[in-house]
Amino acid sequence: MDEEEAEQALSGEGELEEEGATSSERLFHALRDGESGEGVDALLQGAMTEVDARCQFIERYQVFNRASSFISMKVKCYERPVYILTVGPLGLGALSGGDGSIDRIRAGEGEIRVLQGEAPPPARPVGSSSLRRQFPMRAAAAVFGALILTGILLIWLWGRRQKAVAQWRGLKTEDKDRLLGESTELEPDLFKHPDGVWIARGSRGKRRFFQRKAFARLYRDYGLKVMQIR
């Protein structure tokens, strides 16, 4: 055997003998030579059997790393997490994974060969999933902050209103007569007191006090006691 033949024998570059060659060896040479299709599928299934992988059948696989002396593949078997199978020109392949430690097969890391089921979705830009997770969190924080500010504003407005109408609460009939006499009738049955309160007289002659003219009109015209000072 000359030097060139010896190098070929050590590297596996020489012609493989069908008898005695492992499926892993034949799979390496087939992938190195650019073969694909059902022949490679069968060699891969044989290589997975050789390395005692728990693989009922292969759903899909992907070559993701190539070198002169080895080729690595991600292999997804039925109802099993992803494996990594590494094959070379000599001997059996090396198997790892199958326990959830290997990341899923991703489009963009290499061509995916689908045997059963469906191909995974296209690759997403790096960080896009984390951005999508962050966006709902930021939106929820913004909504929560807006609700807190709205609540504070409503409490402040309510307190301000209570303070403003305190003097108009619990009025007796004579007090209402006096206040009505101090007020100016700007519209039929609609009066405004110099202190800013509106007095509306309803269809039955009852007088009601309001802070806003619109609410006073509602009572005068429709008998609705919206935001009445009582």
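The structure is a predicted model, and the protein in it has six helices and ten strands. Of its 230 residues, 31% count as buried, and the protein exposes about 15000 Å², of which carbon and sulfur atoms supply 53%. Among contacts between residues at least 6 apart in sequence, 39% join residues at least 24 apart.

**The sheet of β1 to β5**

- Five strands form an open sheet in the order β4-β3-β2-β1-β5, and the pairing in this sheet is antiparallel.
- The edge strands here are β4 (94–97) and β5 (112–114), each of which pairs on one side only, while the twist averages 20° from one strand to the next.
- Strands of a sheet pair through backbone hydrogen bonds, either parallel or antiparallel.
- As an example of the pairing, β3 and β4 run antiparallel and are joined by four bridges, and Tyr83 has Gly97 of β4 as its bridge partner.

**Helices on this sheet**

- Helix α2 lies across β1, β2 and β3, and it runs at about 110° to β2.
- Helix α3 also packs on the sheet, where it touches β1, β2, β3, β4 and β5, and its direction makes about 90° with that of β1.
- Helix α2 (residues 23–32) is mostly covered, since eight of its ten residues are buried; among them are Leu27, Phe28, Ala30 and Leu31, together with Ser23, Ser24, Glu25 and His29.
- The cover over the buried residues of α2 includes helix α3 as well as the strands β1, β2 and β3 (83–87).
- Just after α2 in the chain, Gly34 takes a positive phi of about 80°.

**The disulfide**

- The structure holds one disulfide, which joins Cys55 to Cys77 with a distance of 2.1 Å from S to S.
- This pair links distant parts of the chain, 22 residues apart: Cys55 is in the loop between α3 (38–50) and β1 (58–66), whereas Cys77 is in strand β2 (residues 71–77).
- A disulfide is a covalent bond between the sulfur atoms of two cysteines.
- The torsion about the S-S bond of Cys55 and Cys77 is about -95°, and the disulfide is therefore left-handed.
- Both cysteines, Cys55 and Cys77, are buried.

**The sheet of β6 to β10**

- Another open sheet is formed by five strands in the order β6-β7-β8-β9-β10, and the pairing in this one is antiparallel.
- Because β6 (184–187) and β10 (228–229) stand at the edges and have a single partner strand each, one side of each is left without a neighbour in the sheet.
- Strand β7 (residues 190–192) and strand β8 (residues 198–201) run antiparallel and are joined by three bridges, and the bridge partner of Phe191 in β8 is Ile199.

- Helix α5 (residues 173–182) lies across β6, β7, β8 and β9 (207–210), and its direction runs at about 65° to β9.
- Helix α6 (residues 213–222) lies across β6, β7, β8 and β9 as well, and this helix runs at about 10° to β8.

Terms used. Residues numbered from 1 in each chain as written. Predicted model: local features only at pLDDT ≥ 70, side-chain atom pairs only at ≥ 80, totals over all residues. Heavy atoms only, no water. Disulfide = S-S within 2.5 Å. Helix = DSSP H or I, 4+ residues; strand = E, 2+ residues; numbered from the N terminus. Buried < 20%, exposed > 50% of the residue type's maximum accessible area, 1.4 Å probe, protein only. Contact = heavy atoms within 4.5 Å. Pairing = 2+ DSSP bridges. Axes fitted to C-alpha atoms, helices over the stretch in contact; angles between N-to-C directions. Areas by Shrake-Rupley, 256 points an atom, 1.4 Å probe, with all protein chains shown as cover.
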